[in-house]
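Take a look at the protein below.

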Amino acid sequence: MEKNRYKTHWNVKTLVFMALMVAMHLVLTRVFVVELGAYRIAIGSVSTILAGLWMGPAAGAACGLTADVLGCFIKGYAIDPFITAAAICWGLLPALARPLYANRTKKGKTAAIVVSIVCTAVLSSLVLTTMGLVIFEGYNFYTIIPGRLVQFAILIPIYSVLTCIIYFSPLTSLVVGTVTPAVLKKKTV
């Protein structure tokens with residue numbers, strides 16, 4: 001029974017929550033964003049991380065892929081396969097790490113979530129996205145890497161704090177199905 005908790009159950013509820021997470025990603029990444037050339041300050045990846053943690057690695061990866069492709073169409077960008085792979089990693093890797101900390105205390109889960117976010121950020125932001133910017137966009141690696149490191153240092157604590165706050169909120173019980181909206185309403189009254 002415990003093993004099934006980490007699989008994506010493809011039903012209407014899951015698809016609706018996935019669509020919601022993709023929409024949140026698009027708004028937080030394409031609308032509420034600070035763009036500084038090769039650098040982008042946005043928090044949309046938090047919704048993709050949460051999609052993976054809540055609905056499983058396949059759903060998280062699908063949300064990352066869908067959000068990136070739709071975001072490219074919305075902004076008129078060409079699809080960069082490295083940046084798309086980075087978006088997929090945001091939903092996939094933290095979710096794959098979830099079984100490693102499933103039976104730990106809240107502190108242990110928090111530490112594991114933060115470590116999974118840092119590891120994902122190194123691969124997706126520093127490696128894949130930088131490769132995409134250098135190979136497909138023509139940026140000079142030595143010119144953009146200092147700014148990318150600053151961007152990494154700013155965004156990773158923000159991603160970690162927001163993810164943990166939302167993941168340990170009652171919203172998680174609502175999304176994963178252990179609590180119904182009526183029960184949640186009774187608890188808050």
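## A kinked helix

Helix H4 has a kink of about 35 degrees, centred on Cys89. The bend at a residue is the angle between axes fitted to the seven residues ending there and the seven starting there. H4 covers residues 81–101, and its 21 residues reach 31 Å from the first C-alpha to the last, close to the 30 Å expected at 1.5 Å a residue. (That expected span is 1.5 Å times one less than the number of residues.)

Keep in mind that this is a predicted model: local features need pLDDT of at least 70 and side-chain atom pairs count only at pLDDT 80 or more, while totals for chains, interfaces and linings use all residues. Residues are numbered from 1 along each chain as its sequence is written, and side-chain values use heavy atoms, with hydrogens and water left out.

## What H4 hides

Several residues of H4 are buried, including Cys89, Trp90, Pro94 and Tyr101. Buried means under 20% relative accessible area, exposed means over 50%, and partly exposed is in between (1.4 Å probe, protein chains only). The cover over the buried residues of H4 includes helices H2 (45–55), H3 (57–75), H5 and H6.

Thr84 is another residue of H4, and it counts as buried because its relative accessibility is 7%. Leaving out residues up to four places away in sequence, Thr84 touches Leu65, Asp68 and Ile79. Contact here means heavy atoms within 4.5 Å.

## Two salt bridges

Asp68 also forms a salt bridge with Arg30, with the closest N and O atoms 3.7 Å apart. This pair links distant parts of the chain, since Asp68 is in helix H3 and Arg30 is in helix H1 (residues 12–31), 38 residues apart. Both Asp68 and Arg30 are buried. The rule for a salt bridge is a side-chain nitrogen of Lys or Arg within 4 Å of a carboxyl oxygen of Asp or Glu, and the count comes to two.

Glu35 and Lys75 make a salt bridge too, their closest N and O atoms being 4.0 Å apart. Glu35 lies in strand S1 (residues 34–36) and Lys75 in helix H3, so the pair ties together parts 40 residues apart in sequence. Glu35 is partly exposed at 34% relative accessibility, and Lys75 is partly exposed at 36%.

## The whole protein

Zooming out, the protein has eight helices and two strands. Helices (H or I, at least four residues) and strands (E, at least two) are DSSP runs, numbered from the N terminus. Of the 189 residues, 42% are buried.
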